[in-house]
Amino acid sequence: MPFRLLIPLGLVCVLLPLHHGAPGPDGTAPDPAHYRERVKAMFYHAYDSYLENAFPYDELRPLTCDGHDTWGSFSLTLIDALDTLLILGNTSEFQRVVEVLQDNVDFDIDVNASVFETNIRVVGGLLSAHLLSKKAGVEVEPGWPCSGPLLRMAEEAARKLLPAFQTPTGMPYGTVNLLRGVNPGETPVTCTAGIGTFIVEFATLSSLTGDPVFEDVARVALMRLWESRSDIGLVGNHIDVLTGKWVAQDAGIGAGVDSYFEYLVKGAILLQDKKLMAMFLEYNKAIRNYTHFDDWYLWVQMYKGTVSMPVFQSLEAYWPGLQSLIGDIDNAMRTFLNYYTVWKQFGGLPEFYNIPQGYTVEKREGYPLRPELIESAMYLYRATGDPTLLELGRDAVESIEKISKVECGFATIKDLRDHKLDNRMESFFLAETVKYLYLLFHPNNFIHNNGSAFDSVMTPHGECILGAGGYIFNTEAHPIDPAALHCCRRLKEERWEVEDLVRELYSLRQNKSRAQRKTVPSGPWEPPAGPGTLSSPDSRDQPKEKQPTKQRTPLLSCPSQPFTSKLALLGQVFLDSS
């Protein structure tokens, strides 16, 4: 008998007072301008409370109005909030914080740090801020974006993580000591997301610095996971990075796995990499075949496909947004609406929700102000314009302000059933939750640029176009400008085009000389041999496969658009015509 979900009727909903700007009796959508200002006020209440009570610690403790270190003593909230400041339009504070971070953050410390969290929050936050510095009015140094203090900080932080990747499988440990590397006796068991969530930051870093080591280790880790999937195409939750054996064999789209799938899609778009997209699409087939029931996604045994946990986790709420990036809008909306019913039931998403019972799971009743459902709403609103998505944004603002707001910021909701609070405000509240809310209600923000405006900068490698849109958000909502990856290196395709151009110019000169001298050159021109010779691309990452002949782009013509570039970020999806 197929597994069916029985959802109880008559769910108890949290009713909150609506302010001006909420839909009226005629069903009009929430006023974006009104809620945009409300979100901005939320940000500054939290941000100012952190500065006054918690800096230089990582995070604010809002109930006791003090701070504590959580992920490594990096003044983490300040790094995580930096690009949000610019998105909200505060260039002066952005400039001030850049100086503060340069003066106060030190990565040469004896601290055990999460490799995953340090990458997405610190490396990602610094890279994003570096690429947005000029837009924020920072006086950038010559050579930017290929150099700069924030880029050097991001590189330093990432190099501290590299020892974690020195394993027999190439999959990283979960924790590294920033001073001494991997501690003796460190557990080799790492979650899937902790292995597969590096390609966005590390490929960006390699492109900007010219050092391929970062992208190389990220790609190896991705491939080892791909090679470790089960015969039915699923991956588990935790794996031993020394042996490559799965320790936790639950397969799903939520906690412990989530951002691995996210980075296959975003890495494919960022790097124009068909292989990464093909990997995700294969996973997507298996996910739909074995975990998808009535527009919910369950947890199953990775080898058999049998249901192991019929629960919805709040971290899974990113999935509709990811579906929108591959054009699967109808399925995305149906799943989103399921998740939205849970939000309306409790005024937030509990960490675990038992789908058949229609209620929370014991000891997983909290809501730490996570962004994932709001993130999906933002993507889907860009794709559809459906006012239901603005209503989720309205409900989120009302719930968070009503339940979570305290004198010193916003507190984690420990239990959605009775609204008890916990003494923590995670840095992702300012990095993600507030940012996605603001962008949901701000259709004209520069992040949503459709290419109609851009900046031109000169680099040591020539002219570079930045700020044209298509930003790729890392899993901590730090936007990466994909154009920046082409600013600091000569792409292989560009080298071929230059070679063709040189040949063409030489041919024109020879024809001119022939007309003048009535002579014929002795043979075709070839570029000189030696260190400066324009070489063909290497075959890294595909040593066993026969490489197809590269088709050169015709001179002075527009090349056909790669299929992944037809997937515009923020939900504007163009289908492949091939």
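Mentor: Welcome! Contact means heavy atoms within 4.5 Å. This is a predicted model, where local features need pLDDT of at least 70, side-chain atom pairs count only at pLDDT 80 or more, and totals for chains, interfaces and linings use all residues. Residues are numbered from 1 along each chain as its sequence is written, and side-chain values use heavy atoms, with hydrogens and water left out.

Trainee: How many residues of helix H2 are buried?

Mentor: Helices (H or I, at least four residues) and strands (E, at least two) are DSSP runs, numbered from the N terminus. Buried means under 20% relative accessible area, exposed over 50%, and partly exposed in between (1.4 Å probe, protein chains only). H2 spans residues 76–87 and is largely enclosed by the rest of the structure, because the buried count is 12 of the 12.

Trainee: What covers the buried residues of H2?

Mentor: Those residues include Leu76, Asp80 and Ile87. Their cover includes strands E1 (59–61) and E23 (479–480), along with helices H1 (32–53), H3 (91–104), H4 (115–132) and H15 (428–440).

Trainee: Is Tyr44 buried or partly exposed?

Mentor: Tyr44 pairs edge-to-face with Phe43, at 5.0 Å centre to centre and 85° between the planes. Ring centres of Phe, Tyr and Trp (its six-membered ring) within 6.5 Å make a pair; planes under 30 degrees apart are stacked, over 60 edge-to-face, the rest tilted. Phe43 has 0% relative accessibility, so Phe43 is buried. Tyr44 has 21%, so Tyr44 counts as partly exposed.
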